[in-house]
Amino acid sequence: VGGNSTILTIENVRLVDQGYYYCVAENTAGTAVTTEASLLINNLIAHWTLDNTYTDSTDHGYDAGPNGNPVFVDGYKGKAISLDGNSYLHISNSDDFNYPTGYSIATWIKTGSLNNPWATVLSKGSNCWALMRNGESSTLSFHINTGSGAVTVSGKTEIIDNEWHFVVGTFDGANVTLYIDG
């Protein structure tokens with residue numbers, strides 16, 4: 001502002017600032033408007049490749065800790081972990097995983113059997129969000145506690161088929177959606 005520069009610096013950017021921007025320069029010679037530029041904020045909280053490591057690949061340091069006997073196996077791409085029904089990965093609790101205005105949870109899964117009704121695939125505690133088996137069915141459900149009550153959405157795609165499935169649960173601040181393979 002008020003100088004000659006080809007670079008515009010925006011400081012103290014917050015998630016709500018994400019969007020499209022343009023600049024207008026005006027002087028006695030006239031007005032010039034730039035093309036739109038997008039401001040996208042990287043808000044990936046954690047990512048585990050599970051390629052023979054439990055390390056979080058973001059810079060946030062949410063490394064997973066194995067409990068029980070998880071075993072590294074060939075995955076959809078690279079490696080994955082095989083869980084025996086008593087094994088799991090633990091990630092430390094953090095407010096970074098609490099997003100009342102929205103979030104997405106994504107994972108690849110492959111299972112030939114689930115012995116327990118409501119077997120959990122991913123969760124943040126018992127009162128926040130969980131991606132789990134839908135009772136005794138062969139489908140999944142996504143459960144969230146929105147603060148104003150619990151919401152559950154159930155999938156229709158059978159996942160107990162020994163095939164890889166890409167699963168995403170989303171909450172946009174109002175709506176809960178579960179995507180399986182699409």
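Mentor: Start with Thr-58. Thr-58 counts as buried because its relative accessibility is 15%, and the cut-off for buried is under 20%. Keep in mind that this is a predicted model. Thr-58 sits in the loop between S4 and S5. A polar atom of the Thr-58 side chain lies 3.4 Å from the backbone oxygen of Ile-45. The side chain of Thr-58 also reaches the backbone nitrogen of His-60, at 3.1 Å. So the picture at this position is a buried threonine with its side chain set against backbone atoms of Ile-45 and His-60.

Stay in that loop and go to Leu-50. Leu-50 is placed between strand S4 (37-39) and strand S5 (65-67). Leu-50 is buried too, with a relative accessible area of 16%. Now check its backbone. The phi of Leu-50 is near 60 degrees, which is a positive value in a residue that is not glycine. Why flag that? Most residues other than glycine have a negative phi. Put together, Leu-50 is a buried loop residue with a positive phi.

Gly-78 belongs to another loop, the one between strand S6 (71-74) and strand S7 (79-82). Gly-78 is partly exposed, at a relative accessible area of 48%.

That takes us to the salt bridge. The count for the model comes to one. Lys-79 pairs with Asp-74, and their closest N and O atoms are 3.1 Å apart. Side chains of opposite charge can pair when their charged atoms come close. How accessible are the partners? Lys-79 is partly exposed because its relative accessibility is 27%. Asp-74 is exposed, with a relative accessible area of 60%.

Gly-68 is also worth a look. Gly-68 lies in the loop between S5 and S6. At 56% relative accessibility, Gly-68 counts as exposed. From Gly-68 to Trp-108 the C-alpha distance is 21 Å, with 40 residues of sequence separation. Compare that with a pair from later in the chain. Lys-124 and Ser-94 are 30 residues apart along the chain, and their C-alpha atoms are separated by 9.7 Å. Lys-124 lies in strand S10 (residues 120-124). Lys-124 counts as buried, because its relative accessibility is 15%.

Ser-141 is buried, at 0% relative accessibility. Here the partner atoms are side chain to side chain. The side chain of Ser-141 makes a polar contact with the side chain of His-143, at 2.7 Å.

Now the loop between S13 and S14, where Asn-162 lies. What stands out in its backbone? The phi of Asn-162 is near 65 degrees, a positive value in a residue other than glycine. Leu-50 also has a positive phi, near 60 degrees. Leu-50 is buried at 16%, whereas Asn-162 is partly exposed at 48%.

Glu-163 is found in that loop as well, between strand S13 (150-154) and strand S14 (164-171). Glu-163 is partly exposed, with a relative accessible area of 48%. Which surface feature includes Glu-163? A patch of negative charge, where Glu-163 gathers with Glu-158, Asp-161 and Asp-181.

Last stop, a patch of another kind. Ile-10, Val-13 and Tyr-21 make a nonpolar surface patch of about 240 Å². Val-13 lies in the segment before strand S1 (19-21). Val-13 counts as partly exposed because its relative accessibility is 34%.

To recap the part you asked for: Thr-58 is buried at 15% relative accessibility. Its side chain sits 3.4 Å from the Ile-45 backbone oxygen and 3.1 Å from the His-60 backbone nitrogen. Leu-50, in the loop between S4 and S5, carries the positive phi.

Technical notes:
Residues numbered from 1 in each chain as written. Predicted model: local features only at pLDDT ≥ 70, side-chain atom pairs only at ≥ 80, totals over all residues. Heavy atoms only, no water. Patch = residues over 30% accessible without salt bridge, like charges linked within 9 Å, V, L, I, M, F, W, Y side chains within 5 Å. Areas by Shrake-Rupley, 256 points an atom, 1.4 Å probe, with all protein chains shown as cover. Salt bridge = Lys/Arg side-chain N within 4 Å of Asp/Glu carboxyl O. Lys, Arg positive; Asp, Glu negative; His and termini not counted. Charge placed at Lys NZ, Arg CZ, Asp CG, Glu CD. Helix = DSSP H or I, 4+ residues; strand = E, 2+ residues; numbered from the N terminus. Buried < 20%, exposed > 50% of the residue type's maximum accessible area, 1.4 Å probe, protein only. Polar contact = N/O pair within 3.5 Å; in protein donor to acceptor, adjacent residues only side chain to side chain.
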